[in-house]
Amino acid sequence: MDTKTSDPHDFPRHWEADVVLSDGGTVRLRPIVPSDAEELLAFHSRMSERTRYLRYFGPYPRIPPRDLERFTTVDHRDRVALVAQLGDDIVAVGRFDRLPGRYVAEVAFVVEDAHQGRGLGSILLEHLAAAAKETGLRGFVAEVLAENGQMVRVFRDAGYSISREIEEGVLHLEFAIDPTERSIEVAHAREQAAEARSMHNVLHPRSIAVIGASTDRAKIGHAALRNLLYADFAGPVYPVNAEYRSVSGVRAYASVLDIPDDVDLAVVAVPSTSVEGVLDDCLAKGVKALVIVSSGFAETGPKGAELQRRLATEARAHGMRVVGPNALGVINTDPGVRMNATLAPSPPERGRTGFFCQSGALGTAILAAATERGLGLSTFVSAGNRADVSGNDLLQYWETDPSTDVVLLYLESFGNPRKFARVARRLGRTKPIIVVKSGRHAVRPGLAATSVSVDETSVQALFEQAGVIRVESLAQLFDTALLMEYQPLPRGQRIVVVGNSSALGTLAADAALANGLELAGDPVDVGPGAEPEIFAAAIGEAVRRSDVDALIVVFVPPVAVPGTAYARALREAVAGVGKPIVSTFLAVEGIPAELAVEGGRGSIPSYPSPERAALALARAARYGRWRRSPQGSVVRPKGIATDQARLLVEEWLGEAEERVLTDAETLRLLYCYDISIVPYKLVSDIHEAVAAADELGYPVVLKTISEPLRHRADLLGVRLDLDGPASVRGGYSALHEASGVDDVYVQRMAPRGVSCVIGLQDDPSFGTLVSFGLSGVVNDLLGDRAYRAVPLTDVDVADIVLAPKAAPLLTGYRGTEPVDLKALQDLVLRVATLAEDLPEVRSLTLEPVLASAKGAFVSSARITLGPPPSRGDTGPRRLR
């Protein structure tokens, strides 16, 4: 593996990126450097005369030395050029040149003929626009021959607002490069299509090579080949083994290069020390994807981690995706594919659930459990160390996969949490996502290199915003998945319990209420001696009631009549009713034959206890409520001076690692977002205190500058409702005695209200979380805060204010006057907007915020600045 790397010139390293193309392949994007001259000449020579004419407006058969130097030597500010590299070859070039005296640049790009139509033009435009914004540019101009329809479409379809003029067959285009709602939407749609296609290449190969196929039954290479053959893969399978002419009765080849036909997917089962050589052969063969089941990489330590990094980098640079290493493999149960490229001997039955699992070791147990519980799968991917392919890639694929209705994830870590939140939120609107998230306190060594640390607060905020159904165990994962795959979503929370055991019925009702469901009446008990017909009649009557959204059926088999007769009666009683049914037939788990419906849909899952049945139903009901709720949109409040705020932050932060803003600076920054603090003055003696109170207007409040005293529950550091000079003098003396400090804040008294706190919490993976809660010792101790990741939609803003358990205090609890929720929501939205605009704001606290019917009044604020965190889902498209 000796692919040329870019020269160590001084350019922004984050301009380098691996990107997925529209056909699912990958290329490496990077700034051009002088040593690219020879490769640029070769690139130019491979272009057709037509392509050169459209780019240069003339024949231009060769690049003169003076132009070659100008093309390859840029300053990475006023003149920027990016190359798209596939292996050692440049396949596309994009550049911009700043126009003298203006904040715009002329942009142009050209793509080699063999790679046109793969989306390189739009990707180059995205990355060039991002680089231009960093260098202070505001717009692009372009000159394009009117007959160059393909290039015109790149600009037209990018989502920018473009002005155009035509003169003598040349189009003059000009547009601002600030991202628009449309340009972001276009980029995300292209990203989804490209990454879905990339995973389609992995999951729908037409041919597979097993490299390391072994005659030794104890080796993983033998298991990988055997499982492919037993599953009756729809295409040819090629064992690769240098020592034998055949393996398992199939002709073998000494190298993948010796295989006479194309190979789409290679399953690699050789020692880790041999994988680099195998990769080189696969790249030369043109293999599209690798599934590496071999271990010995990042899970073994730094040396293995470096090998893994080189492997992923090299594969992406040559257009290849990699599952693994240390993976269990991939499965596609589609009858047209029939692929079990895993080490698990028994693939699951065909179903409509997709499953992504990070743990290879746990994957075999997961597949066995799915089979045992009767859960069919459409596709399964165990990514192991996840050097390349991650859960985000599979979410993109499943979004448009017609064979998948439910998504299951076993996650130990996140590679790109912001992207996960965005993609999951979109996918969750049409397909439920059920997640087990382990690794709360530690991450496997094999995943550490490709993961970012996310605390539990952030994970919960991410899942709540995205509508993800979080479960606590694999058993709960399958419990919920069985309901989602085979039953419709509840239309509401109202349920009824029907059964032949009053004890089980009571347990089911208690569990339903404990999990947020509502009882549409007392449990219906037909008695232990009821015949199947009586049992079915009670069920049919209950489930068809207009005030019932779902049904829990509990059953204890009587001595005289087999339980199978009751199961069939249940299935027939609810046929075609369109409401979810869960059941507890004691000692029966999964989808027994008597409760199964041909084709799967309508089959009734059975749980070994009514508590598990109720919990699965409650999760489905919560998800259904989220899915029915408005999606919301990201809105910006009026009266914001973003540019002024950015200038202030740049001035104050400078080169400092961290900076706590002064009171005056805090006021100036908040003013840019139309957030005002109740007027106050800082005084140093009793006379200044009285003068300040006279100026501000009575009543006033006095607060010590000592934060520990100021925020005590007994208000030792605060004196309220001071209505005259005498009370101000007394208050000042008391505060001075308590704190021993001369400085005191004198502040106009805000209207009495519910004390709240709004904050920004730094997270290294998300950037920033917005928090909201009610102030007070009890709430602080119980952690009664709600969190959301920016950007917040209008729906998020409304939700976060009412999410804390103490939120009823805001809406008129026990006859109190409701607060002005719109004012409170507007304040949260302004804080969230500030966080999105200014990632350098690493923490912000508004406390207390006094919410009342008269509005929301901020009494105090603290802001800390620092270098902005890396936000992996901002900017142009890229792989992690």
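A crossing of two helices is called right-handed if the near helix is turned clockwise from the far one by less than a right angle, and left-handed if it is turned anticlockwise. In this predicted model, helix α26 passes helix α27 in a right-handed crossing.

**Helices α26 and α27**

- Two packed helices are described by the angle between their axes and the distance between the axes.
- For α26 (residues 794–802) and α27 (residues 821–837), the angle is about 115° and the axes are 9 Å apart.
- Since angles of 65 to 115 degrees count as roughly perpendicular, α26 and α27 are therefore described as roughly perpendicular to each other.
- On the α26 side the contact is formed by Val-797, Ala-798, Ile-800, Val-801 and Leu-802, which meet Leu-821, Leu-824, Gln-825, Val-828 and Leu-829 of α27.
- Sorted by class, this contact of α26 with α27 has nine nonpolar residues, one polar residue and no charged residues.

**Helices α6 and α12**

- Helix α6 (residues 181–203) and helix α12 (residues 417–427) have axes that come within 13 Å and cross at roughly 85°, which makes α6 roughly perpendicular to α12.
- From α6, the residues His-188, Glu-191, Gln-192 and Glu-195 take part in the contact, while α12 contributes Lys-419, Arg-422 and Arg-426.
- By class, the contact of α6 with α12 has no nonpolar residues, two polar residues and five charged residues.

- Strands of a sheet pair through backbone hydrogen bonds, either parallel or antiparallel.

- Strand β8 (residues 170–176) pairs with strand β6 (residues 139–145) in the antiparallel sense over seven bridges, and Leu-171 in β8 is the bridge partner of Val-144.
- Strand β7 (residues 162–167) also pairs with β8 in the antiparallel sense, over six bridges, and here His-172 in β8 is the bridge partner of Glu-165.
- The hairpin of β7 and β8 has two residues between the strands, and in this hairpin Glu-168 takes a positive phi near 50°.

Key: Residues are numbered from 1 along each chain as its sequence is written. This is a predicted model: local features need pLDDT of at least 70, side-chain atom pairs count only at pLDDT 80 or more; totals for chains, interfaces and linings use all residues. Side-chain values use heavy atoms; hydrogens and water are left out. Axes are lines fitted to C-alpha atoms, for helices over the stretch in contact, and angles run from 0 to 180 degrees between N-to-C directions. Helices (H or I, at least four residues) and strands (E, at least two) are DSSP runs, numbered from the N terminus. Angles under 35 degrees count as roughly parallel, over 145 as roughly antiparallel, 65 to 115 as roughly perpendicular and the rest as oblique. Contact means heavy atoms within 4.5 Å. Ala, Val, Leu, Ile, Met, Phe, Trp, Tyr, Cys and Pro count as nonpolar, Asp, Glu, Lys and Arg as charged, and the others, Gly among them, as polar. Two strands pair if DSSP finds at least two bridges between them.
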